[in-house]
Amino acid sequence: MPKPLIVITGASSGIGAATARLLSAEGHPLLLLARRLDRLEALGLPQALCRKVDVTDRAAVEAAVREAEELYGPADAIVNNAGVMLLGRLADQPVDEWERMIDLNVKGVLYGVRAVLPGMVERGRGTILNVSSVAGRKTFPNHAAYVGTKFAVHAMSENLREEVAAQGVRVVTIAPGAVETELLSHTSDEQIKQGYQAWKEAAGGALAPEAVAEAIAYAYRQPPNVCVREIVLAATGQEG
Ligand code: NDP
């Protein structure tokens, strides 16, 4: 039996790239989305349609999903993983950083959901895996706008789960603690960035992205009548 299509947003680095490698090794055709097409193609995965898509562009997300479904059949899962973390204080953080996080971390997730959900409801099966964060469950210093977006991911996911549970669609929230990826590099405040780095080192280092990919694959692999609603995972040494 050929394995069904899985869509992964933000597959050009970190958690998304690790998830793409793992699900590809398990035999799934994939649609890989990100802005850095070269990085998607460099993964060199078989049966992987790579598209340069900014996930804040709803029409582009929709078009890429339709194109992949023409090739590989209906999407059985989406990993809404693309996200950005721009740490800062609300008093002086550049406002455009709030906009970027809200557009990508919140609206981007909704756009990914909409691109696959009607088909899943119609077929009576499918899995939506939204990558939130431990910062979607509790607050951290200098994280106000970011935690706002991740609390939103938690809330939207749980509400969506209730909405489509009776129709056979599973909704899973993945909530990692610190993971060793490019995520921190986009924060513009150097002092905050250094402080976060020191916090991570004091905790004995962050999770490898492969550990999060394993959690995503574990939730997806369950039989259709088992919905793993949420997985929270962090490095053992991470206290907060
Ligand atoms: P990375 O920065 O390594 O990966 C982020 C991914 O998102 C990249 O593939 C990037 O690709 C993509 N991306 C960014 N902006 C856009 C956009 N506008 N359109 C499409 N893709 C975009 O970080 P992580 O792997 O750590 O992050 C993945 C998810 O995990 C995020 O949602 C993050 O919030 C979450 N997370 C991460 C934690 C961590 O400590 N690392 C902890 C908890 C949660 P490109 O730039 O090519 O577009």
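An oxygen atom of the ligand sits 2.7 Å from an N or O atom in the side chain of arginine 35, a polar contact, meaning a pair of N or O atoms within 3.5 Å. Serine 12 brings a polar side-chain atom to 2.8 Å from a ligand oxygen, while glycine 10 uses a backbone N or O atom, 3.0 Å from an oxygen of the ligand. On its own the ligand would expose 880 Å², and the protein buries 96% of that (accessible areas by the Shrake-Rupley method with a 1.4 Å probe).

This is a predicted model, where local features need pLDDT of at least 70, side-chain atom pairs count only at pLDDT 80 or more, and totals for chains, interfaces and linings use all residues. Residues are numbered from 1 along each chain as its sequence is written, and side-chain values use heavy atoms, with hydrogens and water left out.

Elsewhere, phenylalanine 140 and tryptophan 199 form an edge-to-face aromatic pair, 6.1 Å centre to centre with 65° between the planes (ring centres within 6.5 Å, using the six-membered ring of Trp; planes under 30 degrees apart are stacked, over 60 edge-to-face, the rest tilted). Phenylalanine 140 lies in the loop between β5 (126-131) and α5, and tryptophan 199 in helix α6 (residues 190-202), so the pair ties together parts 59 residues apart in sequence.

Notes: Polar contact = N/O pair within 3.5 Å; in protein donor to acceptor, adjacent residues only side chain to side chain. Helix = DSSP H or I, 4+ residues; strand = E, 2+ residues; numbered from the N terminus.
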